[in-house]
Amino acid sequence: NSQSSYIPVGSEFVYFWELTLSDSTTVTSEEMTFFFLPPDQDWRIASNDIVAVYYHGDRERTANLYLDAATETYEVIGRQILNTTLTQLPVRVILFSNEAEMNVARPGVSESFDAAVTVCGTKVTNDIALVIPVFCGGADPTNTLRHEFTHILTAAAGESAPGKLRARPNQGPAV
């Protein structure tokens, strides 16, 4: 879990085995899929064609609120304002119960940064966001998800531009 060695929670791995026997015969297994979520939890999913919210515990209602918020954000910010369509769907949102639980899954920054900053969510890839269900800078606990989802949308909208969006233009629309 460092910047140089990080596999995002919510990653999906597709793999197969191919064996070459001593007589040069090749045997290939069927493709298998592994979805990387933290162990020791009973993970559940609330999903539609746009987003999949993974949660554990008694957060089904919260997961459905996040599902609706992401869908609305995609429609308003993505399609209407940025005029962009996501190609990596569904976006996977991992809903952790608290910051300590999420911090283990976040890409490493630094101990001093982590100690000084409260993180309510983070976009880790163009199709994965990590969030916690708290009021973080607003009256609506889904605002963090909307913010992180907007980062995914601005990245998709800016990918075709000559370069990536700088931090300030990227943070601005996500507010």
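The model is predicted, so local features need pLDDT of at least 70 and side-chain atom pairs count only at pLDDT 80 or more, while totals for chains, interfaces and linings use all residues. Residues are numbered from 1 along each chain as its sequence is written, and side-chain values use heavy atoms, leaving out hydrogens and water.

I start with the whole chain. There are five helices and nine strands; these are DSSP runs, H or I of at least four residues for helices and E of at least two for strands, numbered from the N terminus. In sequence order the pattern reads β-β-β-β-β-β-α-β-α-α-β-β-α-α. Of the 175 residues, 35% are buried, where buried means under 20% relative accessible area, exposed means over 50%, and partly exposed lies in between, with a 1.4 Å probe and protein chains only.

Which residues have the most contacts inside the largest nonpolar core? They are Val 51, Val 53 and Phe 149, in a core of 21 residues. Such a core is a set of buried Ala, Val, Leu, Ile, Met, Phe, Trp, Tyr and Cys residues joined through side-chain atoms within 4.5 Å. At least two core residues come from each of strand E6 (51-55), helix H1 (60-81), strand E7 (91-95), strand E9 (128-131) and helix H4 (143-158). H1 gives the largest share, six residues. A second, separate core has 15 residues, including Leu 37, Tyr 54, Ile 94 and Leu 130. In soluble globular proteins, nonpolar side chains tend to be buried together.

Back to Val 51: leaving aside residues up to four places away in sequence, Val 51 touches Phe 149, Leu 67 and Val 93, among others. A contact here is heavy atoms within 4.5 Å.

Phe 149 is one of the buried residues of H4. Twelve of the 16 residues in H4 are buried.

Ile 7, Phe 13, Tyr 15, Trp 17, Met 32 and Phe 34 make a nonpolar surface patch of about 640 Å². Patch residues have over 30% relative accessible area and no salt bridge, with like charges joined within 9 Å and nonpolar side chains (Val, Leu, Ile, Met, Phe, Trp, Tyr) within 5 Å. A salt bridge is a side-chain nitrogen of Lys or Arg within 4 Å of a carboxyl oxygen of Asp or Glu. Areas come from the Shrake-Rupley method with a 1.4 Å probe, and for residues only the protein chains shown count as cover. Strands E1 (12-15) and E4 (32-35) each give two or more residues to the patch. Tyr 15, in E1, is partly exposed at 34%.
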